[in-house]
Amino acid sequence: MSWSFRKEFYGKKERLRMDSIRAFLKVGYYFLPYTLFHGYYRAVYRTGDHDGIYKKIKRPFPDALIAQKPSSKFALHLSGGIDSSLLAKLYDRKDADYIHFKGPESERARALAVTLKGRFHEIEITKEEFIKTADEIIPLLSEPYPYHDIIFAYVASKKAKELGHNLIVAGDGGDGIFGGAHTGPYSRKSFVIWKTIDPDTLLGLETLQPYMHTALYTWSKTTLTPHETGRNKLFASAYCRELGMPEKITKQIKVPWAGSLGIREDKNITSHMRHVIDSSEYNWIREFKFYKEPNTGLLFRQYSLVKWL
């Protein structure tokens with residue numbers, strides 16, 4: 001049982017839509033149905049058997065997650081956080097591959113990996129590989145993406161394809177269910193789904209994002225308390241303990257994703273991005289002024305926008 005999101009674009013591209021560009025640079029997204037161009041629009045729709053899951057469950061959680069368990073082999077993007085770790089535990093099988101980027105969360109991922117049947121792959125992305133990959137894929141995306149993590153997702157999925165996989169499982173949207181951020185299917189921040197879907201589409205792979213199912217999002221918002229869905233994801237932590245998962249997973253404190261630490265501030269990478277921006281016809285993108293300065297990631301958004309345009 002599989003489903004995913006797709007985008008459809010319609011209309012005719014006219015001049016650049018400055019309010020969309022400003023919104024992308026400031027907060028990382030702009031609202032449907034708009035795009036970066038006047039006269040050009042987008043729609044997001046579901047493909048596959050999203051609604052069929054309701055016939056296979058008695059309760060939203062954990063049934064809706066279990067009902068989406070792949071029937072064949074898959075690769076899973078394993079960060080070491082609660083969201084991806086929980087999926088790895090529920091979906092574990094001998095022919096699964098768990099792909100993790102070496103970094104501050106590696107100790108957690110390793111602790112979980114020794115309890116799993118599938119194979120654990122710890123990889124490291126070099127600064128040179130990051131630059132080369134970013135330059136390669138950003139112009140090919142259906143829309144520019146605001147954060148560095150899309151480059152990591154592409155590298156992880158590329159590794160999965162080399163291992164012989166056609167299906168990628170990701171914990172995207174887990175923050176919208178268990179806490180940490182409001183990123184569910186009805187959220188204006190639902191751009192997070194494209195972090196994995198767009199790279200996988202380029203690679204010819206299918207994507208499964210179980211947390212993005214409507215049943216889970218609705219259940220979370222109407223059943224779980226603010227205390228349970230606070231930054232440290234107390235409900236999810238308790239459920240992980242029920243499953244007998246390692247304490248390094250169940251007792252972790254929610255922090256921003258650590259996989260890109262060092263990349264954002266690396267001088268070679270930031271210099272490359274500034275050169276791309278300043279040597280383009282869109283160098284005016286660096287001149288936008290904001291009432292409140294955007295959070296970490298503005299340089300990557302500027303670079304991503306210029307490379308995509």
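Start with strand β3, residues 75-77, which pairs with β4 in the parallel sense over three bridges. This is a predicted model. Within that pairing, Leu 76 stands opposite Tyr 98 of β4.

β4 and β5 run parallel and are joined by five bridges. Here Ile 99 has His 121 in β5 as its bridge partner.

Turn to the charged groups. Side chains of opposite charge can pair when their charged atoms come close. The count for this model comes to 19 salt bridges. One of them joins Lys 233 to Asp 83, with the closest N and O atoms 2.6 Å apart. This pair links distant parts of the chain, 150 residues apart. Asp 83 sits in helix α3, residues 82-91, whereas Lys 233 lies in the loop between α9 (214-223) and α10 (234-242). Both Lys 233 and Asp 83 are buried.

A second salt bridge brings together the side chains of Glu 122 and Arg 110, at 2.8 Å from N to O. Glu 122 belongs to strand β5 (residues 119-123) and Arg 110 to helix α4 (residues 106-113), so the pair ties together parts that are twelve residues apart in sequence. Glu 122 is partly exposed, with a relative accessible area of 30%. Arg 110 is partly exposed as well, at 38%.

Next comes Asp 172, which forms a salt bridge with Lys 195; their closest N and O atoms are 2.9 Å apart. Asp 172 is in the loop between β6 (167-169) and α7 (174-178), and Lys 195 is in helix α8 (residues 194-203), so this contact ties together parts 23 residues apart in sequence. Asp 172 is buried, with a relative accessible area of 5%. Lys 195 is also buried, at 18%.

Finish with a group of four. Lys 7, Arg 42, Glu 143 and Asp 198 are linked in a network of salt bridges.

Notes: Residues numbered from 1 in each chain as written. Predicted model: local features only at pLDDT ≥ 70, side-chain atom pairs only at ≥ 80, totals over all residues. Heavy atoms only, no water. Helix = DSSP H or I, 4+ residues; strand = E, 2+ residues; numbered from the N terminus. Buried < 20%, exposed > 50% of the residue type's maximum accessible area, 1.4 Å probe, protein only. Pairing = 2+ DSSP bridges.
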